[in-house]
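Hi,

Here is the structure I promised to pass on. Have a look at it first, and then read my notes below.

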Amino acid sequence: MRRRSGPVVGLLGGSFNPAHTGHRRISLFARRALGLDEVWWMVSPGNPLKPRKGMAPLNARVAAARVMARRAPIRVTAIERELGTRYTYDTLRALLRRYPKPRFVWLMGADNLAQFDQWKNWRGIARTLPIAVIARPGYDDDALASPAMAWLRRFEVSAARLKNAGEWRAPALIMLRFDPDPTSATAIRRGNPDWVTQYLNAAPRDAITHHIIGAEDNPL
């Protein structure tokens, strides 16, 4: 991994359908634990591992995420739309080319680690950025027993070591544990299926590219 001297940025990818307090809490926790300058919420135009049915429009998800990220060192972006990438590996490679200075670290919940081996070129992702995994209720056992964890375990380092490293290297796995927020997007949608209505006409500005995301930018 080439030496980078810019800000330390955590990347949290997902559908954010919708963003909720759990996303905010794990982002702020990871920021403290790893000494991050900020966290980017990367709102996916379309997650290949999730069905399209029930997915709110991109502009609505970005707008709702901006509300949830308010007054926090969190920037909401749908940069994959501009990069033209669909898979995380391709997105990260394009992101590193476009932003050569920041030191990035990939953030994900234990539920994602449990099925990380299903991601396209997951070993390539691990070789591209350090990965910080945040505990999530009910998924720890599956994550620890996963094929990805069997491969990544040899690269585990402490949060303190990563935080103090002058030069970050990958692969590197950091396991973070805290009292997590049990909120889930599925439960929010079930309890309030009309949550998206107030955001359908929103045209939020991407906090990274500074481009407006309107209804016309939603994936077909």
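To start: does Glu-82 count as buried, partly exposed or exposed, and what is its relative accessibility? Glu-82 counts as partly exposed, at 31% relative accessibility. Keep in mind that this is a predicted model.

Glu-82 also has a partner: it forms a salt bridge with Arg-98, and the closest N and O atoms are 2.7 Å apart. Arg-98 sits in helix 4 (residues 88-98) and Glu-82 in helix 3, so the pair ties together parts that are 16 residues apart in sequence. Arg-98 is partly exposed too, with a relative accessible area of 36%.

How many salt bridges does a search of the whole structure find? It finds 3. Another one joins Glu-38 and Arg-75, with 3.0 Å between the closest N and O atoms. Because Glu-38 lies in strand 2 and Arg-75 in strand 3, this pair ties together parts 37 residues apart in sequence. Glu-38 is buried at 17% relative accessible area, whereas Arg-75 is partly exposed at 29%.

Then there is Asp-90 with Lys-120, whose side chains meet at 3.0 Å, N to O. Asp-90 is in helix 4 and Lys-120 in the loop between helix 5 (110-114) and helix 6 (122-128), 30 residues apart.

Now look at helix 2 (residues 58-68). Of its 11 residues, 8 are buried, so the helix is largely enclosed by the rest of the structure. Among the buried ones are Leu-58, Arg-61 and Val-62. What covers them includes strand 2 (38-43), strand 3 (74-77) and helix 3 (79-83).

Cheers

Definitions and conventions:
Residues are numbered from 1 along each chain as its sequence is written. This is a predicted model: local features need pLDDT of at least 70, side-chain atom pairs count only at pLDDT 80 or more; totals for chains, interfaces and linings use all residues. Side-chain values use heavy atoms; hydrogens and water are left out. Buried means under 20% relative accessible area, exposed over 50%, partly exposed in between (1.4 Å probe, protein chains only). Helices (H or I, at least four residues) and strands (E, at least two) are DSSP runs, numbered from the N terminus. Contact means heavy atoms within 4.5 Å. A salt bridge is a side-chain nitrogen of Lys or Arg within 4 Å of a carboxyl oxygen of Asp or Glu.
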